[in-house]
Amino acid sequence: MTQPAYDVVAIGNAIVDILAQSDDAFLAGEGMTKGAMQLVFSPEEADALYAKMGPGREISGGSAANTLAGLAALGGRGAFIGQVADDQLGEVFAHDIRAAGVRFDTPSRAGSPTTGRCMIFVTPDGQRTMNTFLGASHYLPADALDRDLIADAAYLYIEGYLWDPEEPRAAMRQAIAVAREAGRKVAFTASAEFVIDRHRADFHALIDGGMIDLIFANEAEAMSLTETADLESAIAALAPKVETLVVTLAEKGALAIRDGDRVTVPAEPVEQVVDTTGAGDLFAAGFFHGQAQGRDLETSLKLGALCAAEIIGHFGARPQVDLKALAAKL
């Protein structure tokens, strides 16, 4: 097997985040669950909610895309496959991810719907409440896949958020087959409990069928995926089925299990939590980079924790400091 040109090729939602400060009263008045993510299903609904936002900031996002931006900032090599529309937000997304050092070649899609956007309301305690209109992201066709690119990456990284619609789901299944045929590894992020609730059987089929090598999940997602009431039961159910299981534990740190070896690291201290958007995404970036550099599980987890701590100290899910300098501390 040839040495891969890329550390990670990821497939995910191509979204532009719009962040604005808010308060609990506004969230309650709009019927939002604080700290959760809900889908906005129509352009009209998205426009109406956007009109109610205060002054906002536009920052390219999307879970897997954020991970690749963090990986590139660490000096890693990544490429992204995702669908944007031929519109202004699509141009913003393409510019931002390329400027971050990530390869992005997926052609823009003409016509409606528009490029996906996530309207994020950030309360004074740093919690983010997300309202996502997925738009063009859900129209990623299988013929948009660059099969040579997928075969030339150490990891294919697939995002659970994108599993809902039929077209990109079929594309991701084909991508997994390409990666497997090329002898590459497949990583999967569970994304959110509501995604797991809708597609638990599909995810179990992938895991039980040996199609997934690395799982990223937070504590609640791990329990939801296994339908267990506690973390240890979830770990016991998942860990034997994959090469590597990584579970993030918020302020309690993170753990990883591989070949029966279990490693736990504490969370990195943060002066002030400003916005938790993208914490899991940047954790994955640090872990991937550690693995690409041949680091052990503990060091890879510590890199993930460092990157997560950086991202929650400011607005937005893309790094604002030199992650290479942070990583050099290890």
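Author: What follows describes the sheet, its helices and its charged pairs.

This is a predicted model, in which local features need pLDDT of at least 70, side-chain atom pairs count only at pLDDT 80 or more, and totals for chains, interfaces and linings use all residues. Residues are numbered from 1 along each chain as its sequence is written, and side-chain values use heavy atoms, with hydrogens and water left out.

Begin with the strands. Helices (H or I, at least four residues) and strands (E, at least two) are DSSP runs, numbered from the N terminus. Two strands pair if DSSP finds at least two bridges between them. Strands of a sheet pair through backbone hydrogen bonds, either parallel or antiparallel. Here five strands make an open sheet in the order β3-β8-β7-β2-β4, and the pairing is mixed. β3 (37-39) and β4 (57-61) stand at the edges with a single partner strand each, so one side of each has no neighbour in the sheet. On average, neighbouring strands of this sheet are turned by 25 degrees against each other, direction ignored. Strand β2 (residues 15-21) and β4 run antiparallel and are joined by five bridges. Along this pair, V16 stands opposite S60 in β4.

Next come the helices on the sheet. Contact means heavy atoms within 4.5 Å. Axes are lines fitted to C-alpha atoms, for helices over the stretch in contact, and angles run from 0 to 180 degrees between N-to-C directions. Helix α2 (residues 43-51) packs on the sheet and touches β2, β4, β7 (116-122) and β8 (128-133). The direction of α2 makes about 35 degrees with that of β7. Helix α4 (residues 88-99) lies across β2, β4 and β7, and runs at about 60 degrees to β4.

Buried means under 20% relative accessible area, exposed over 50%, and partly exposed in between (1.4 Å probe, protein chains only). C118 has 3% relative accessibility and therefore counts as buried.

The charged pairs remain. Side chains of opposite charge can pair when their charged atoms come close. A salt bridge is a side-chain nitrogen of Lys or Arg within 4 Å of a carboxyl oxygen of Asp or Glu. The structure holds 17 salt bridges. In one of them, the side chains of R117 and D47 meet at 2.6 Å, N to O. R117 lies in strand β7 and D47 in helix α2, so this pair ties together parts that are 70 residues apart in sequence. R117 is buried, at 10% relative accessibility, whereas D47 is partly exposed, at 43%.

Another salt bridge joins the side chains of D125 and K34 (2.6 Å, N to O). This pair links distant parts of the chain, with D125 in the loop between β7 and β8, and K34 in the loop between α1 (24-29) and β3, 91 residues away. D125 counts as partly exposed at 39% relative accessibility, and K34 is partly exposed with a relative accessible area of 36%. Salt bridges that share partners join D24, K34 and D125 into one network.
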